[in-house]
Amino acid sequence: MAKVTKTNVMRILTQHKISYDIHQYLGSDVHNSVDVATKMGIAPQQMFKTLVTQAKSGAHYVFMVPVEAELDLKKAAQAVGEKSIAMIKEKELLPLTGYVHGGCSPIGMKKQFQTVLDASALNFETITFSAGKRGFSVQVAPQDLEQAIPLIITEVSH
């Protein structure tokens, strides 16, 4: 693999002395994150997408769920003690987080939001998620994430 320019996510992981591996896929023959996982040789249940939401209270929350799963909005709201939450609009993602759709990572956002990791992550020694740039992912032990971001681990997908 060619030398990869470090993303902010990789720099932050290094600062926290969190071990990670880099995966990349830059082809155009993918249609969704399950395709990306397959092309990278990662089981879809072990690759996590980063979803940004807004609660009725106005607070923002980040959820990490397997790419093959859906975020259960009711469980998600309960996990963060809110009455209800909804996905933010795609056009709000870049100004809010500093990341584009398809390259959003829970690490290194403009502002750090409470992050909820689906409990299924604990079934694996490592999970993979966006490195903050389309086509680049990092593979990290799920329990190590708590060193880099405020993290709740509970079941939020279906």
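## Glutamate 70

In this predicted model, glutamate 70 lies in the loop that connects strand E3 to helix H3 (73-79). The residue is partly exposed, its relative accessible area being 48%.

Beyond its neighbours within four places in sequence, glutamate 70 is in contact with Lys49, Val156, Ser157 and His158. Lysine 49 is 21 residues apart from glutamate 70 in sequence, and their C-alpha atoms are 9.8 Å apart in space.

## Helix H1

Val9, Met10, Ile12 and Leu13 are the buried residues of H1. Viewed down the axis of H1, they fall within an arc of 165° and therefore line one face of the helix. Their packing partners are strand E1 (21-24), E6 and E7.

Leucine 13, apart from neighbours within four places in sequence, is in contact with Ile18, Tyr20, Ile107, Val138 and Val140. Lysine 17 follows H1 and has a positive phi, near 55°.

## Nonpolar cores

The largest nonpolar core contains 29 residues. Those that touch the most other members are Leu13, Ile107, Leu117, Ile127, Phe129, Val138 and Leu145. At least two residues of this core come from each of helix H1 (8-15) and strands E2 (48-55), E3 (60-66), E6 (127-133) and E7 (136-140). H1 supplies the largest share, 4 residues.

Definitions and conventions: Residues are numbered from 1 along each chain as its sequence is written. This is a predicted model: local features need pLDDT of at least 70, side-chain atom pairs count only at pLDDT 80 or more; totals for chains, interfaces and linings use all residues. Side-chain values use heavy atoms; hydrogens and water are left out. A nonpolar core is a set of buried Ala, Val, Leu, Ile, Met, Phe, Trp, Tyr and Cys residues joined through side-chain atoms within 4.5 Å. Buried means under 20% relative accessible area, exposed over 50%, partly exposed in between (1.4 Å probe, protein chains only). Contact means heavy atoms within 4.5 Å. The arc is that of the directions from the helix axis to the C-beta atoms.
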